[in-house]
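Welcome, and thanks for taking a look at this one.

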Amino acid sequence: MSCIFCRIAAGEIPSKLVYQDDQVVAFPDIHPAAPVHILVVPRKHVQSVAHLADGDGELAGRLLLAARTVAEQAGVAQSGYRVIINIGDEGGQTVPHLHLHVIGGKQLTGHGTA
Ligand code: 5GP
Ligand code: ZN
């Protein structure tokens, strides 16, 4: 298995999992862009949002709910935070395994379009 996030989800690469359930894991981003920067990923390999199947609706919802839980645990639920999903080359996606960035702990501005 060569996919880095599949390997983290499978426990092949030791990582501090801040959240895990039967379908989803979350761990800190290796290059945090803010005091809170956590990646939420499906255990199942899905390359991106563009590769979600019609039958992945529950998984998609579970990812969003996990992002909410992660934000609560990190203490940013009240102050506010951002959930970002990059998709494909022009979307800025560098790891080809679907992931949600949960970013917070500082004032964020704009829409991340720069
Ligand atoms: P993307 O640009 O694909 O939306 O985000 C990929 C993110 O994964 C980047 O923020 C990058 O810092 C993070 N990342 C890449 N490789 C690793 C890794 O091996 N471990 C962790 N924890 N984060 C990684
Ligand atoms: Zn993968």
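This is a predicted model: local features need pLDDT of at least 70, side-chain atom pairs count only at pLDDT 80 or more; totals for chains, interfaces and linings use all residues.

## The zinc site

Along the chain, the donors of the zinc ion (ligand 2) follow the spacing C-x2-C-x38-H-x51-H. In residue terms, the zinc ion (ligand 2) is coordinated by the SG atoms of Cys3 and Cys6 together with the ND1 atoms of His45 and His97, at 2.0 to 2.3 Å.

What is the geometry of the site of the zinc ion (ligand 2)? The angles among its four donor atoms run from 105 to 118 degrees, and the site is tetrahedral. Tetrahedral here asks for all angles to lie between 85 and 135 degrees, so the site qualifies on that count. As for the two cysteines, Cys3 and Cys6 are both buried.

## The sheet and its edges

Next comes the sheet. It is an open sheet of five strands, with antiparallel pairing and the order β1-β2-β3-β5-β4. Its edge strands are β1 (19-20) and β4 (81-84), each of which pairs on one side only.

## Strand β5 and its neighbours

Now follow the sheet to β5 (100-104). In the strand order, β5 sits between β3 and β4. β3 and β5 pair in the antiparallel sense over five bridges, and Val36 stands opposite Gly104 in β5. β4 and β5 also pair in the antiparallel sense, over four bridges. Here the bridge partner of Val83 is Val102 in β5.

Is β5 enclosed or open to the outside? Five of the five residues of β5 are buried, so the strand is largely enclosed by the rest of the structure. In a regular strand the side chains alternate between the two faces of the sheet. For β5, both faces are covered: Leu100, Val102 and Gly104 are buried on one side, and His101 and Ile103 are buried on the other.

Between β4 and β5 the chain passes through a loop, where Asn86 is found. Asn86 has a relative accessible area of 23%, so it is partly exposed. If you want a sense of distance, Asn86 and Ala10 are 23 Å apart in space, C-alpha to C-alpha, and 76 residues apart in sequence.

## Salt bridges

Let's turn to the charged side chains. A search of the whole structure finds five salt bridges. One of them brings together the side chains of Arg7 and Glu12, at 3.3 Å from N to O. Arg7 is partly exposed, with a relative accessible area of 30%, and Glu12 is partly exposed too, at 43%.

Asp22 and Arg62 meet in a salt bridge at 2.4 Å, N to O. This pair links distant parts of the chain, 40 residues apart: Asp22 is in the loop between β1 and β2, while Arg62 is in helix α2. Asp22 is exposed, with a relative accessible area of 57%. Both residues belong to a network of salt bridges that links Asp21, Asp22, Glu58 and Arg62.

The side chains of Lys44 and Asp56 form another salt bridge, at 2.6 Å from N to O. Lys44 and Asp56 both lie in the loop between β3 and α2, so the pair ties together parts that are 12 residues apart in sequence. Which of these two partners is buried, and which is partly exposed? Asp56 is buried, with a relative accessible area of 10%, whereas Lys44 counts as partly exposed at 44% relative accessibility.

Val49, Leu64, Tyr81, Val83, Ile85 and Ile87 make a nonpolar surface patch of about 450 Å². Among them, Val83 is the residue whose bridge partner in β5 is Val102.

How values were computed:
Residues are numbered from 1 along each chain as its sequence is written. Chains are lettered from A and ligands numbered from 1 in the order in which they are written. Side-chain values use heavy atoms; hydrogens and water are left out. Donors are N, O and S atoms within 2.8 Å of the metal (3.2 Å for Na, K and Ca); water is not among the atoms, so sites may look incomplete. Four donors count as tetrahedral if all angles lie between 85 and 135 degrees; four count as square planar and six as octahedral if opposite donors are over 155 degrees apart and all others between 65 and 115; anything else is irregular. Buried means under 20% relative accessible area, exposed over 50%, partly exposed in between (1.4 Å probe, protein chains only). Patches are made of residues with over 30% relative accessible area and no salt bridge: like charges are joined within 9 Å, nonpolar side chains (Val, Leu, Ile, Met, Phe, Trp, Tyr) within 5 Å. Accessible areas come from the Shrake-Rupley method with a 1.4 Å probe; for residues, only the protein chains shown count as cover. A salt bridge is a side-chain nitrogen of Lys or Arg within 4 Å of a carboxyl oxygen of Asp or Glu. Two strands pair if DSSP finds at least two bridges between them. Helices (H or I, at least four residues) and strands (E, at least two) are DSSP runs, numbered from the N terminus.
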